[in-house]
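Please read them alongside the model.

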Amino acid sequence: MTTANKAFGLLSAGLLGLGLLATGPANAADDGTRIDWGPYKVDEKRSGYTYAGAQTRAMQDDEFQNPAFLWLERGMDLWETADGAANTSCADCHGDAEESMAGVATRYPIYFDDWGKLMNIEQRINWCRETQMQAEPLKWESDALLGLTAFVKNQSKGMPIDVAVDGPAAPFFEQGKAFYETRRGQLDLACTHCHVDNEGNLIRAETLSQGQANGFPTYRLKWQSVGSLHRRFRGCNRNIRAQPYPYGSDEYTNLELYVTWRGNGLPVESPSVRK
Amino acid sequence: MVRHRTILLAAAALGLAAAAPPAQAAGVVEYAVVDGYTIPEPLTETPGDPVMGRKWAINRKLGNCLSCHQMPIPEEQFHGETGPALYGVGDVYSEGELRLRIVDPKALNPYSMMPSFHKVAGLNRVLDGFENKPILNAQQIEDIVAYLMTLKDTSRN
């Protein structure tokens with residue numbers, strides 16, 4: 001952990017204490033005005049952290065309790081492990097991740113010239129494996145890819161998200177925005193209905209958050225596992241009985257840019273813990 | 001006159017394939033909206049059963065009305081709040097008005113978050129296995145309308 005990360009951890013532990021005093025029951029829907037959420041709330045933008053129960057937040061904040069760190073440690077090992085026909089490791093090219101990867105997660109997804117389309121972190125990792133290491137790409141939702149993604153993103157922990165949506169990324173951003181606003185599924189709902197119009201409201205037992213991306217990959221208690229942002233997209237699609245798109249599809253990567261941009265200014269908090 | 005004309009999928013496909021996409025599909029009963037705000041005629045000949053209607057309203061795979069509405073159903077713990085509370089709704093609306101509000105609330109408010117429970121036309125990317133099926137069948141709609149008509153008390157207890 002870098003010094004900056006430690007400071008961030010201490011800060012959030014302090015906030016948590018305050019939060020506990022002010023809220024009482026963990027699931028009491030909070031309008032965000034009574035609590036100083038510190039870095040987790042920037043103007044009207046609120047991380048899913050601020051809608052999570054106190055126990056879930058405490059679990060996220062403590063590295064030894066946060067189950068996602070098991071995946072992250074796997075990623076840390078893989079960072080050093082040579083693989084592929086080129087017999088190289090991530091570290092051979094990038095050295096110390098604490099330095100070389102700091103800030104990277106704040107910028108992704110990026111527009112990638114060679115592809116003429118967007119690339120997210122998972123896709124970058126697999127691009128490195130295929131072209132640099134001459135190794136097989138890692139499967140989506142494998143512990144290895146989740147672990148490496150969590151490890152890379154964690155190097156930007158506490159840094160504000162700042163994805164670019166202008167220039168060559170603009171048309172992809174527009175497609176992501178259109179996806180976000182389009183009704184789909186048997187229940188005929190768009191992302192906006194739940195995460196914009198009803199943030200903070202209960203939908204049965206769940207408090208709807210703004211659906212921010214800054215904590216992914218996330219350990220979800222319901223999954224008993226870490227999962228990617230695209231897994232969450234698939235879940236939200238299925239819940240409204242809409243046909244999901246494949247992991248890593250252009251549709252979801254464009255959507256990822258739009259959803260990530262909604263959180264520009266919020267800190268990277270991967271790996272988060274959610275209900 | 002009671003309307004009870006279930007359009008079979010085959011008939012819809014044959015008869016309408018050449019024209020615009022079939023307006024309604026298997027299991028969707030034809031109904032008439034009157035003056036843009038009510039469906040006065042029941043969708044089925046069997047009168048709605050309020051006891052069953054209450055069950056469909058709770059059932060997460062059917063009405064799941066509680067995901068969005070608070071209702072006088074104290075044994076269920078979590079009531080959503082994305083829609084208005086339904087206490088006393090049977091006093092505010094007529095049976096026909098409630099029927100339209102469940103069959104196709106978007107006929108009243110095109111921006112509504114509430115699903116159209118008995119309409120399949122115009123849906124986008126429906127999950128495999130749910131295509132061309134309404135969320136609730138005609139009898140379930142009638143049962144829920146009958147149940148909502150019993151909600152006469154606007155107070156919460």
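1. A salt bridge here is a side-chain nitrogen of Lys or Arg within 4 Å of a carboxyl oxygen of Asp or Glu. Between domain 1 and domain 2 of chain A there is one salt bridge. A:K117 and A:D250 form a salt bridge through their side chains, at 2.9 Å from N to O.

2. This is a predicted model: local features need pLDDT of at least 70, side-chain atom pairs count only at pLDDT 80 or more, and totals for chains, interfaces and linings use all residues. Residues are numbered from 1 along each chain as its sequence is written, chains are lettered from A and ligands numbered from 1 in the order in which they are written, and side-chain values use heavy atoms, with hydrogens and water left out.

3. In chain A, domain 1 covers 3-64 + 164-274 and domain 2 covers 69-154 (bounds from an automatic or database domain assignment). Their contact (heavy atoms within 4.5 Å) takes 25 residues from domain 1 and 22 residues from domain 2. The two domains bury about 2,100 Å², 67% of it on carbon and sulfur atoms (accessible area, 1.4 Å probe, lost on putting two parts together, summed over both).

4. Chain A places 25 residues in contact with 29 residues of chain B. About 2,400 Å² is buried between these chains, with 51% from carbon and sulfur atoms. Of the area that chain A buries against chain B, 38% comes from A:Q186, A:R204 and A:R241, more than from any other three residues.

5. Two salt bridges are found across the interface of chain A and chain B. The side chains of A:R204 and B:E76 meet in a salt bridge at 3.0 Å, N to O.
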